[in-house]
Amino acid sequence: MKLFNKSLILLACLINAACSNADKENTEIVSYANDSHSYAKPSEAIAKHLSLDIVVDFDKKIVSGIADYTIENNGGNEIIFDTKNLIIHKATVDGKDVSFSLGADNPILGQPLSIPINNDSKLVSIKYETTDKTEALQFLNPQQTADKKFPFLLTQGQAILTRTWIPIQDSPQIRLTYSANVKVPKDLLAIMSAENPKAKNENGKYHFEMRQAISPYLIALAVGDLVYKEISPRTGVYAERSMIEKVHYEFADMEKMVKAAEALYGKYAWDQFDVVVLPPSFPFGGMENPRLTFATPTVIAGDRSLTSLIAHELAHSWSGNLVTNATWDDFWLNEGFTVYFEMRIMEALYGKEHANMLASIGRQDLTEEIEILKDKPEATRLKLNLKGKNPDDGMNSIAYDKGYLFLRTLEESVGRDKMDSFLKEYFNTNAFSTITTEKFISYLKNELLIKNNIEFNIDNWVYKAGVPNNAAQIQSDKFLIVEDAINDWKNGNIDENLLCESDWNIQQKIHFIRNIPIDISLEKFEALDNACGFTTAKNSYIAMVWYEQAIKHNYRKNAVDTQIESFLMNVGRRWYVSTLFKALVANNRIDEAKVLYQKARPNYHSVTVNTIDEMLGIN
Ligand code: BES
Ligand code: ZN
């Protein structure tokens, strides 16, 4: 039935040359992968458009309202939505009350919400509100913001958290368009992963449209005392007032990045590319919400040294947002491709050597991650099996760094020209649809390898643990200089002052700190700190890697513990926070870690809390 429908539309599209993009988007998916993280049954009934009407209540710390869905029934007698920790007040179908049912509550997936429908049902309406257990939302008090005057709300949808603030078919392969009416206190501005207002209005009521079909994990909302500053007609930044100039300076190359990305893999599909810099509790470095990337303030370094994050989130506009992993087991298709694309953007703007430094950092991360996972080698495969697990716990940096290495190795064996036309075509052919690992592999074989008569050990890379031995060698000349200096320093041939007077860039300093020999004396470690001032570093990345080394070396001078504590109290970025807590635990400081965590925990978003709770054995 479904296939028949689709082929009719496709046929109509073939005959009618003017067949619109929207029709194409609607006809792209004909079969669905089995997604173990969603209760929805998309082949039976699917929601195509969401019209959201909500109020954000900062006193009660809830979001409440109505989610209206335009649905397509393919023969089912119910439509199933994912929900987690939501109160469902009422459901109607085409205006008539229906008796809905909520299934058993699974601690990871939440509850399926089943709504009875018949063959002609068109509009499903769900009245609901969030609870204090809602994981996607983080309500911040003024003290937790940059300006300290107004409260703030941010959401995080990836991987399976959108269902905690909107009842939704929460599988990445179920794309939908959305519109939203959002009412917020009138001192605040609301912005979403959609067409956005550029300034506050009088009444606090904002309307949003996302006309392109996106995956549910990409629906996002931020509410705060935000201002906008344009970088180019199609790029710009939102931030709190006290941050806006710094943010605007930091991300000044955004338009250049978009141009470079388009030159590589085709037109930017989302019209506008803005970034909002959030308060420091935002749990990620960045999140690629379409049209509006969410970013941590920890990358506002003052010297544009950490802007590869923007290249990364921008790259997701192709790998992830346009061509989307069908399930979380295929997460590497989002992140591995994005890191590859990120490196290409950085190379286009700042040169090969710069990109090689970034790639070398990732290569060391990969070696370290494989070492951490040595008792769980299956977790180092690209294709994951996250069934029964919280995808957020199962997704590690393998998807990023091994995924990157795979594509770089592929590039080196087929040559850049072929690689680029292949990738461009891949994004173009699969635009606005989702892709499984298996579908990608067959596409790769057909469109690149067989055509060019190239042998490549794909299965080895994708389904086996560790790094295959044909992996590309990544080398950075600037890092070789650092490695030589480390040896000289270790052997007493240069002193610390000389190291710090060098004109190394931030990445070189990071590489240096990360590779301080574990057997270096505490005297030398302290001398280094005194010469370079790493304990009071302003750059968050430098500070984080230095604190990690301080903990590993049991270095306690220069009040470093106070600095670590204030860093952990302030910053909620999960990667930073978990690196430092992990180091404390590994160095027999778990009791201290627990005391500190009790204080810092209220500042963290639920995704960071979940990770650290688990690490410290809390709850
Ligand atoms: N999409 C990810 C963030 C994410 C991954 C959220 C998995 C939830 C589940 C984002 O694009 C990302 O990768 N962010 C990185 C930064 C990047 C430069 C590696 C981060 O947050 O550190
Ligand atoms: Zn990413």
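Donors are N, O and S atoms within 2.8 Å of the metal (3.2 Å for Na, K and Ca), and water is not among the atoms, so sites may look incomplete. This is a predicted model, in which local features need pLDDT of at least 70, side-chain atom pairs count only at pLDDT 80 or more, and totals for chains, interfaces and linings use all residues. Residues are numbered from 1 along each chain as its sequence is written, and side-chain values use heavy atoms, with hydrogens and water left out.

**View 1. The zinc ion (ligand 2) and its protein donors.** In sequence their spacing reads H-x3-H-x18-E. His-312 sits in helix 5 (residues 308–315) and Glu-335 in helix 6 (residues 331–350), 23 residues apart; helices are DSSP runs (H or I, at least four residues) and strands likewise (E, at least two). Both His-312 and Glu-335 are buried (under 20% relative accessible area, 1.4 Å probe, protein chains only).

**View 2. The shell around ligand 1.** Ligand 1 is surrounded by 17 residues (a heavy atom within 4 Å). Glu-313 places a polar side-chain atom 2.7 Å from a ligand oxygen. For Tyr-400 that distance is also 2.7 Å. Helix 5 gives the largest share of the shell, three residues.

**View 3. Gln-549 in helix 17 (residues 540–552).** Gln-549 is buried, at 5% relative accessible area. Its side chain reaches the backbone oxygen of Ile-513 at 3.1 Å.

Note on methods. Chains are lettered from A and ligands numbered from 1 in the order in which they are written. Buried means under 20% relative accessible area, exposed over 50%, partly exposed in between (1.4 Å probe, protein chains only). A polar contact is a pair of N or O atoms within 3.5 Å; within protein, one must be able to donate a hydrogen and the other to accept it, and residues adjacent in sequence count only if both atoms are side-chain atoms.
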